[in-house]
Amino acid sequence: MQWIADLHLHSRFSMATSRDLNIPNIARGCHRKGINLVGTGDLTHPVWLDEIEAVLEPAGPGIYQYQGIHFILSGEVSQVYRQNGKARRIHNLIYVPDFKTARELNRQLDKYGKLASDGRPTLSLDGMSLVKLCKSINPDIEI
């Protein structure tokens, strides 16, 4: 199968996004645009994670589906921290293989920021620490 993918998007829980961004509408947009693999976005937001888990069906290792569109569990985090006396601000994309891993990731990341505040939460955690934390939860997490 050839993949036509959009792996970076957000849900309605991110600032400055449409309140209509839900799985059915994302799937409709993918059908219109010819996309057959899409990231869920915002997997760190607890309400969004509940919603996507309720509607997505397993379609293979690390892949879920809804109405013929394949999804992978994805999210973005903003990190703000100090390093060598300088303020650092970076964004990282995170891809997880399953809902169990996503829930454990959220449990751990909640220590570094308010996950429910935005679809792309701000964490007080540097990049290397994020990678180590993710890989300690599941080595199949991609950052």
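## The start of helix α4

In this predicted model, a side-chain oxygen of Asp126 sits at the start of α4, within 3.1 Å of the backbone nitrogen of Met128. Helix α4 covers residues 127-137.

Which residues of α4 are buried? They are Gly127, Leu130, Leu133 and Cys134. Look down the helix axis: these buried residues fall within an arc of 125°, so they line one face of α4.

The face turned away from the buried side carries exposed residues: Met128, Lys132 and Ser136. What do the buried residues of α4 pack against? Their partners are β5 (69-83), β6 (86-96) and α3 (99-109).

Now take β5. Of its 15 residues, 12 are buried, so β5 is largely enclosed by the rest of the structure.

Two strands pair with β5 in the parallel sense. Strand β7 (residues 122-123) pairs over 2 bridges. Here Ser78 stands opposite Thr122 of β7.

## Antiparallel partners and hairpins

Strand β4 (residues 63-66) runs antiparallel to β5, with 3 bridges. Tyr64 has Phe71 of β5 as its bridge partner. The hairpin of β4 and β5 has 2 residues between the strands, and Gln67 takes a positive phi near 45°.

How many bridges join β5 to β6? There are 11, and the two strands run antiparallel.

Methods:
Residues are numbered from 1 along each chain as its sequence is written. This is a predicted model: local features need pLDDT of at least 70, side-chain atom pairs count only at pLDDT 80 or more; totals for chains, interfaces and linings use all residues. Side-chain values use heavy atoms; hydrogens and water are left out. Buried means under 20% relative accessible area, exposed over 50%, partly exposed in between (1.4 Å probe, protein chains only). Helices (H or I, at least four residues) and strands (E, at least two) are DSSP runs, numbered from the N terminus. The arc is that of the directions from the helix axis to the C-beta atoms. Contact means heavy atoms within 4.5 Å. A polar contact is a pair of N or O atoms within 3.5 Å; within protein, one must be able to donate a hydrogen and the other to accept it, and residues adjacent in sequence count only if both atoms are side-chain atoms. Two strands pair if DSSP finds at least two bridges between them.
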